[in-house]
Amino acid sequence: MAIKENLLQIKSQLPNHVTLVAVSKTKPVADLMEAYNAGQRVFGENYVQELVEKHEALPKDIQWHFIGHLQSRKVKLIAPFVNLIHGVDSLKLLHEINKEAQKNNRVIDCLLQIFIAEEESKFGLDEKELTEILSSEEFKNLKNIRIIGLMGMATFTENKDQIKKEFQNLKTIFDKVSKQKTENCQLNTISMGMSGDYQIAIECGSTMVRIGSSIFGVR
């Protein structure tokens with residue numbers, strides 16, 4: 001099945017309030033253009049260099065999300081154009097994003113990554129660390145970033161009950177902290193759910209799903 005058909009089929013299953021991020025890492029520009037021509041405008045990339053090259057090659061109305069693990073020293077490469085940085089998991093990284101956003105005269109939207117899985121390979125903050133960051137004066141002084149939500153990745157397992165429990169945990173944390181509104185923190189987005197588990201994620205309150213292989217085929 002072609003990319004266009006895959007994309008339209010997935011979009012037909014998504015409620016209106018859920019944003020689809022088409023995860024296009026390692027896929028050629030031609031594949032992204034096929035999705036673009038079918039109406040997709042939000043793309044997610046995992047590698048900084050690849051994101052920069054695709055941004056240069058593709059139409060300028062695309063919203064680029066960086067969804068990989070971002071190294072501080074590479075923030076400057078995507079700061080001029082990135083729309084949303086997923087997976088921010090430290091105050092140190094927020095400082096770096098803020099600094100580079102300031103240089104580009106921008107405010108960059110970010111999601112904080114919460115550790116919800118039972119796998120050590122996943123990154124993220126626990127609830128205590130999240131609360132400490134959001135309530136610190138140091139964080140409130142960062143004027144060139146805006147935290148718009150939380151993201152999390154469930155354990156890679158066939159056990160749907162476990163996945164559901166992990167997503168529900170993220171939703172509970174989101175509901176608690178979303179009451180804390182500051183100038184640079186207004187939580188309205190929960191990014192959870194990928195090709196294998198996005199339907200469960202939406203049931204649990206996800207407002208943004210990251211789907212790659214179900215659109216572009218397996219890597």
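By salt bridge I mean a side-chain nitrogen of Lys or Arg within 4 Å of a carboxyl oxygen of Asp or Glu. Lys99 and Glu96 sit three residues apart in helix 5 (residues 91–103), so about one helical turn separates them. Helices (H or I, at least four residues) and strands (E, at least two) are DSSP runs, numbered from the N terminus. Lys99 is partly exposed, at a relative accessible area of 37%. On that scale, buried is under 20% relative accessible area, exposed is over 50%, and partly exposed is in between, with a 1.4 Å probe and protein chains only.

Before going on, a word on the source. This is a predicted model, where local features need pLDDT of at least 70 and side-chain atom pairs count only at pLDDT 80 or more, while totals for chains, interfaces and linings use all residues. Residues are numbered from 1 along each chain as its sequence is written, and side-chain values use heavy atoms, with hydrogens and water left out.

How many salt bridges does the structure hold? There are 10. One of them links Asp61 to Arg41, with the closest N and O atoms 3.1 Å apart. Asp61 is in the loop between helix 3 (48–57) and strand 3 (63–66), and Arg41 is in the loop between helix 2 (29–37) and strand 2 (42–45), so this pair ties together parts 20 residues apart in sequence. Asp61 is partly exposed, at 42% relative accessible area, and Arg41 is partly exposed too, at 29%.

Next, helix 3. Glu50 and Lys54 form a salt bridge at 2.6 Å, N to O. They are four residues apart in that helix, so again about one helical turn lies between them. Are Glu50 and Lys54 buried or exposed? Both are buried. Together with Glu45, they are linked in a network of salt bridges.

Now the nonpolar side. A nonpolar core here is a set of buried Ala, Val, Leu, Ile, Met, Phe, Trp, Tyr and Cys residues joined through side-chain atoms within 4.5 Å. The largest has 66 residues, and Ile78, Leu94, Phe139 and Leu150 touch the most other members. Helix 8 (residues 160–177) supplies the largest share of this core, six residues. Another core lies apart from it, with seven residues, including Val42, Ile148, Met151 and Met208.

Last, Leu150. Leaving out residues up to four places away in sequence, Leu150 touches Leu111, Leu170, Phe174 and Ile190, among others; contact means heavy atoms within 4.5 Å.
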